Amino acid sequence: MSIHLETDVLIIGGGMAAGWAAIAAAQAGARVVVADKGYMGTSGVTAMGGPNHWWVAPDPARREEAIARQSGKAQGLGDPEWMARILDLTWRYLPSLAPHYPFGSDGAGGTYYSGVRGSEYMRALRLAALNAGVTVLDHHPAIELLRDDEGRIAGARGHALRARLDWEIRSHATILATGGNAFRSGLIGSHTNTGDGQLMAAEAGVALSGMEFGPSWSISPAWASTRTLPYTGAVYYDADGRELDIPPSRAAGHAHNRALGHAMLAGPVLADLSHAPKALRPILRQIQPFTPAPFERRGIDLFRDRFPVKLFGEGTIRGTGGLDLTDAECRTSAPGLFAIGDAATRELVAGANSGGGAVNSAWALSSGRIAGTAAARESLARKGASAPVHGLGRIAIAPHHAERTIDVTAIHRAVDHEIHGYAHVFTRDEASYAASGERLEAIWSELSAHGRARGPALVSLRETAALVAGARWTIAAARGRKESRGLHQRADYPEATGPTQRQRVSGLDTICIHSQQAEFA
Amino acid sequence: MIAQILADKCNNCAQCVSVCPTFVLDDGPQVPVIARLDACQTCYMCELYCDRQAIYVAPDQFAPEPGADPLPHLGVIWRDHGWDRPGEAGHLDEYRKLGPLLGEGAEIAARRYQAQRRGV
């Protein structure tokens, strides 16, 4: 027995971008199905955080100034036209959640829109999508895309975890909203962010761009990843109580993380938050109730006691890399397939730097709105009998050789180490990339030759394959960019070199790199 | 990691089974069953969505912590969020202060660092 459905627009993933896409597609008159791996409302990294949105009033001078500033941060790789579009869409559509989200006061008689608390925000997006008539399938991870005889992406196959049934959904347009890849670093909310959509799209021949820009980091108590809220005033000590020389994060960026990472290799690093802004203490619980919990439950006063901290890698989530887009409506190179949010490249708006926080949130909302509207239009024009389809998944589904048990836990550890290991990641050079690439290559070969599973085990093995694929693209792209720029920092090429190149990475068994002069430099 | 679902508070509505983003829980005869603890990321979503305040998530995301007393913590996250309060209750009125306070913290760190460098 299995589940068969047919729809106009299928959205794979249930985070922020998926929510906005689902609402937009339903408003445009399409039948919409959201198939999420977890629960639309808690899935992904948004629900546990507090996303701020890039928010500039529609005053031409102010917008122009904001775009100029962001273009500077993007270091020659951002597209000012895209930036203008996401500023416009975010300003127009974020307030539309008011019936479902308790927007607070701006302190001056108005409403504060730009910053939202993740759990309420995601709950609101789910409610708005359901109200718009969207069908939401929770705990329905997708496994592979389907392609019809005309070469169009025509839906997906997956597994319904709670019902323990395989599913197949045929669609006229498909949107990948599966989020970024955090390489199972333990970053809160990211357990499901294993880059599944990127693997599925790569099997359909889609390339990625911006994969070399990362990783970024968030500091948290060593026993639990939380959001970074109170750490900006932190002072750091070693286990013997000696203050560590850690340049402040805002000015130093890479050097801040490098100093912390190296100190953590040497031993425990303790944070002291007694210098944090005084005004924060009485309202922290109201602003971000998830922050005090891990401390209170250990009997620690976070503004008085020193406690051990850890840098949690954020993979591509607050980086830039993702599926390459071929037009202004978030289409990929595979006909019928769109990509949005963190599943897509953020290079267009973030360039070489993290779009972390405000810009990436505006991107998720806007790319969702844009793709949802376009996918609805495209699918409604294509109604009619659907052609025969075949699944595009190979890795973990059709191995080259005999099936063998794969140690997924060991692979997850290895992948996180290659991407986030403090020992090599802050001082990268050619030899270090080559060594990482070789180790990941061996893991991929083993998986490709012998990995095979069914049902829920297949979901999990495909996640493992997506983690490894994402790590290989990341290393290949970083190795290909022989300079330092933004989040991409190399010890052997410490300066940015012109002209500004955009770099695409593609392929699974064999990885290819294509460089091209950036059009917006 | 999720540590306890208190049978004397739980009405087995299975909302926690539904909302868990990593599908840690299965339906159970009296209360939901913690079936895949290794997938728990300590995100507190089950606690937040529990209308009966029957769930306790222990703070360590890397290892289970048996034996903790959940009682002082039950419902704290749910109440702090104002999870069941109406939208117009104004419980996010302080939220706008987050950005400025982050900025203030960054300045405190930068000033302190510079002062120390000058002192060396």
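Predicted model: local features only at pLDDT ≥ 70, side-chain atom pairs only at ≥ 80, totals over all residues.

Mentor: The surface comes next. Chain A exposes about 17900 Å². Carbon and sulfur atoms supply 52% of that area.

Now the overall form. For 521 residues, a compact globule would have a radius of gyration near 24 Å. Chain A has 22 Å, which agrees. Along the principal axes, its C-alpha atoms fill a box of roughly 70 × 60 × 50 Å. Chain A holds 15 helices and 18 strands. Take the contacts in chain A with a separation of 6 or more: residues 24 or more positions apart account for 74% of them.

With that in place, go to Ile143(A). This residue lies in strand β6, which covers residues 142–148 of chain A. Is Ile143(A) buried or exposed? Its relative accessible area is 8%. The cut-off for buried is under 20%, so Ile143(A) counts as buried.

What does Ile143(A) touch, leaving aside its neighbours within four places in sequence? Arg157(A), Gly158(A) and His159(A) are among its contacts. Met200(A) and Ile397(A) are also in contact with Ile143(A).

Asp240(A) gives a sense of distance. Ile143(A) and Asp240(A) are 97 residues apart in sequence. In space they are 49 Å apart, C-alpha to C-alpha.

Last, the charges. Chain A has 53 positive and 51 negative charges.

Note on methods
Residues numbered from 1 in each chain as written. Chains lettered and ligands numbered in written order. Heavy atoms only, no water. Helix = DSSP H or I, 4+ residues; strand = E, 2+ residues; numbered from the N terminus. Rg over C-alpha atoms; globule rule 2.2 N^0.38 Å. Contact = heavy atoms within 4.5 Å. Areas by Shrake-Rupley, 256 points an atom, 1.4 Å probe, with all protein chains shown as cover. Lys, Arg positive; Asp, Glu negative; His and termini not counted. Charge placed at Lys NZ, Arg CZ, Asp CG, Glu CD. Buried < 20%, exposed > 50% of the residue type's maximum accessible area, 1.4 Å probe, protein only.
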